[in-house]
Amino acid sequence: MTPQQLKNSILQRAIEGRLVEQRPEEGTAKELLKEIQAEKAQLIKEGKIKKSKTLPPITEEEKPFDIPEGWEWARLVDICWTIVDCPHSTPKYVQYKTDYAGIDTNCIDENGNIKQWRYVLQDDYEKRITRLTPECGDIVLTREGSIGRAAILPVGMNICLGQRVMLLRPADIETKYLRWFLMSPDTLTRLTAKQKGLGAKHINVSDICQITVPCPPLAEQQRIVAKIEEILPLIDKYDKAYTKLTDFNTRFPEAMKKSLLQYAIQGKLVEQRANEGTAQELIKDIQAEKKRLIAEKKIKKPKALPPITEEEIPFDIPEGWEWVRLGDICTYDQTKEKISKEEILPDMWSLDMEDIEKGSGKIINVEKAGNRKIAGDKVVFHKGDILYSKLRPYLQKILIAPADGICTSELVPFQCYGEVNNSYITWLLRSPYINQIVNTSSYGVKMPRVGKDTMVNILVPLPPLLEQFRIVEKIEELMPFCDDLMK
């Protein structure tokens, strides 16, 4: 249950008579309503308030729920001395504090607190109090926009009504009880149902006057308010704890993914097996294949990369693993095959950046070149190539090509030498370790890119080949659980 749902539940129980016990010695609401009617008649006779329009008796259909014995249903107008609308004009607010405050919809928060005041000059204030001068203890109710927010006016201020609010002056009842009634879920539902207007929806004073109110004896009203005010601070504490928990639950799946990848590349996700050989043996195979490809002129001899120093090594790796530079085990720095606009065939797969889901590298859209507006040369990639987005690398658009195709030059296709597991390298490139390197080394403000030199010099923790496969298998077994947590 969310904090707001809990609060709603408390308010609903309060106005249904289920929050505190009933006490027969406290009298009945019928007696209270008679006293209010008698005093109201006297005030009308003395000309202190205006007589309101006579409304029909309350029908059973207007009673949304049962109330305890001793309570009574009353129309809102019958338990208020008066209910008036705001002037239908915009106040001339000033940007500095004056002796005259204005209050409108924007001033009241969702808890019925006055979060800010707006200020007017004296002449504007006097123009806006011709119907009624707001006083301490009056209730201001929002009637448009965020309908149903109710605030009690404080003492010691000259206040006028701004726009989209109305003012209620409660009779001899507990003002705070009436305020919580107005903000209860059932009342908000009924108020919302009475909205009118084609543009900005609003509620009319006449509709507010007719709203039926569950009225307890006065002493019980006061006990209800006391109980609500006792509970609300606890709900506030719950709200803070709930917010922290929600934030944790939101961040946890992504944090778990990052932890899994970091454990994987540090050799902590699966056990090491001495019978699977060493990464040193794999490196010898890589070097042999590179020499063969250079001799066959299938690749150019790459520029020698600097030896790895102890100071560069970011973390410890297991025995049998080796640190290598990315450029030493793959073709990232090799010249990419390109195809001119004229040579592109309509049925070729054309991969754009927006076709790739951020974070996961999943292909979310497949288009043929014939369906795209092709401008300039494209880069050719082949099935099994690793595709790495050097543009905005923080989006982690990294994948293994499932088929041949063409793409933007912002995607770098490359292959690993020897039998290095492409999926292992792909997961490595998504790890927090690599992410920090490429994002701190990117250049460009609006469209950051990671340079080739940065990429080829990245240190790669290389496990034995069979362990690479087991690491990938374990990652792919665990990642769906993280995805389920996110859902």
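Visitor: Is Gln-396 buried or exposed?
Guide: We're looking at a predicted model, so local features need pLDDT of at least 70 and side-chain atom pairs count only at pLDDT 80 or more, while totals for chains, interfaces and linings use all residues. Residues are numbered from 1 along each chain as its sequence is written, and side-chain values use heavy atoms, leaving out hydrogens and water. Buried means under 20% relative accessible area, exposed over 50%, and partly exposed in between (1.4 Å probe, protein chains only). Gln-396 has 13% relative accessibility, so Gln-396 counts as buried.

Visitor: Where does Gln-396 sit, and what is its phi near?
Guide: Gln-396 is in the loop between S15 and S16. Strands (E, at least two residues) and helices (H or I, at least four) are DSSP runs, numbered from the N terminus. Most residues other than glycine have a negative phi. Gln-396 has a positive one instead, near 50°.

Visitor: And Arg-392: what is its phi near, and how does its accessibility class come out?
Guide: Arg-392 lies in the loop between S15 and strand S16 (398-400). Its phi is positive too, though Arg-392 isn't a glycine, with a value near 45°. Relative accessibility is 31%, so Arg-392 counts as partly exposed.

Visitor: Which way do the residues of S18 point, and are they buried or exposed?
Guide: Strand S18 covers residues 411-414. Leu-411 and Pro-413 point one way, Val-412 and Phe-414 the other. Whichever way they point, all are buried.

Visitor: Which strands stand at the edges of the open sheet?
Guide: That sheet has 5 strands with mixed pairing, in the order S11-S14-S17-S12-S13. The two at the edges have a single partner strand each, so one side of each is left without a neighbour in the sheet. They are S11 (338-339) and S13 (367-368).

Visitor: How many bridges join S14 to S17, and which residue stands opposite Val-380?
Guide: S14 spans residues 378-381 and S17 spans residues 405-407. The two strands run antiparallel and are joined by 3 bridges.

Visitor: Which element gives the most to the lining of the largest pocket?
Guide: A pocket is an open set of points on a 1 Å grid over the protein atoms alone, where a 1.4 Å probe fits, with protein on both sides within 12 Å along at least five of seven lines; lining residues have an atom within 4 Å of a point. The largest pocket has 24 lining residues, and Lys-257, Gly-359, Ser-360, Trp-427 and Arg-430 are the ones nearest its centre. Two or more lining residues come from each of H7 (218-265), H10 (422-430), H11 (432-441) and H13 (465-486), all helices. The one that gives the most, with 5 residues, is H13.

Visitor: Which element gives the most to the lining of the second largest pocket?
Guide: This pocket is lined by 22 residues, with Lys-50, Ser-52, Thr-82, Ile-83 and Val-84 nearest its centre. Strand S2 (80-85) and helix H6 (205-210) each supply at least two of the lining residues. With 5 residues, the element that gives the most is S2.

How values were computed: Two strands pair if DSSP finds at least two bridges between them.
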